[in-house]
Amino acid sequence: MTVSWENEPYFMGAFKANLPGHYRYQRRLYTHFMQDRLPEDKRGIFLAGDDISWTAGWAEGAVQTALNAVWGVMHQFGGSTDGTNPGPGDVFDEIAPVELPED
Ligand SMILES: Cc1cc2nc3c(=O)[nH]c(=O)nc-3n(C[C@H](O)[C@H](O)[C@H](O)COP(=O)(O)OP(=O)(O)OC[C@H]3O[C@@H](n4cnc5c(N)ncnc54)[C@H](O)[C@@H]3O)c2cc1C
């Protein structure tokens, strides 16, 4: 079965989640690879690519999300990075996008 986001309600076209007011949605998508904070039954799906990029429309952002997803999968299976070469999740609290209040 093929599900295309383009046919889903609220599809926003290119640069989705990059418009004014979208910051919280974009942050949630971009940081979803940090799944320790999710309920257990919500873990295990990792997205990557332009659709969740912090800088949609630029290849660099798509690659960043791929690296994040790889770290997330590795972490889920109990793996870890070399201490001299930390991955995005290892330094998440230092470099994560600012979290805005939810209300
Ligand atoms: C005209 C144009 C110019 C650009 N110029 C630049 C630039 O100068 N610099 C820059 O950094 N970025 C540029 N970009 C953006 C860059 O191309 C994207 O950010 C990048 O390609 C996103 O990579 P991705 O892997 O997330 O998605 P994509 O490259 O879109 O890859 C998604 C892949 O999934 C495949 N796919 C889709 N549905 C299915 C399915 N159901 N089953 C199997 N496969 C499927 C598609 O065929 C596609 O190969 C440009 C984009 C466009 C359109």
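User: What makes Ala56, Gly57 and Ala62 contacts of Asp50 in this structure?

Analyst: Good place to start! In this predicted model, Asp50 is in contact with Ala56, Gly57 and Ala62, once its neighbours within four places in sequence are left aside.

User: Why is Asp50 called partly exposed?

Analyst: Count the neighbours. Asp50 has 16 other C-beta atoms within 10 Å. Buried needs 20 or more, and exposed needs 12 or fewer. The count of 16 falls in between, so Asp50 is partly exposed.

User: And Tyr10, is that residue buried or exposed?

Analyst: Tyr10 has 6 other C-beta atoms within 10 Å. The cut-off for exposed is 12 or fewer, so Tyr10 is exposed. You will find Tyr10 in the segment before helix H1 (23–30).

User: What stands out about the phi of Tyr10?

Analyst: The phi of Tyr10 is near 70°, a positive value in a residue other than glycine. For comparison, most residues other than glycine have a negative phi.

User: Which residues are around the ligand?

Analyst: The residues around the ligand are Thr2, Gly49, Asp50, Gly57, Trp58, Ala59, Glu60 and Ala62. By class, that shell has three nonpolar, three polar and two charged residues. Asp and Glu count as charged, so Asp50 and Glu60 are the two charged members.

User: How many helices and strands does the chain have?

Analyst: The chain has three helices and zero strands. Reading from the N terminus, the elements run α-α-α. The C-alpha trace spans about 40 × 35 × 30 Å along its principal axes.

User: How much of the chain is buried?

Analyst: Of the 103 residues in the chain, 12% are buried.

User: How do you know how confident the predictor is?

Analyst: Look at pLDDT, which runs from 0 to 100. The chain has a mean of 92, and 100% of its residues reach 70 or more. Confidence is highest in H2, at 97, and lowest in H1, at a mean of 92.

How values were computed: Residues are numbered from 1 along each chain as its sequence is written. This is a predicted model: local features need pLDDT of at least 70, side-chain atom pairs count only at pLDDT 80 or more; totals for chains, interfaces and linings use all residues. Helices (H or I, at least four residues) and strands (E, at least two) are DSSP runs, numbered from the N terminus. A residue is near a molecule or strand if its C-beta atom, placed from the backbone, lies within 6 Å of it. Two residues are in contact if their C-beta atoms, placed from the backbone, lie within 7 Å.
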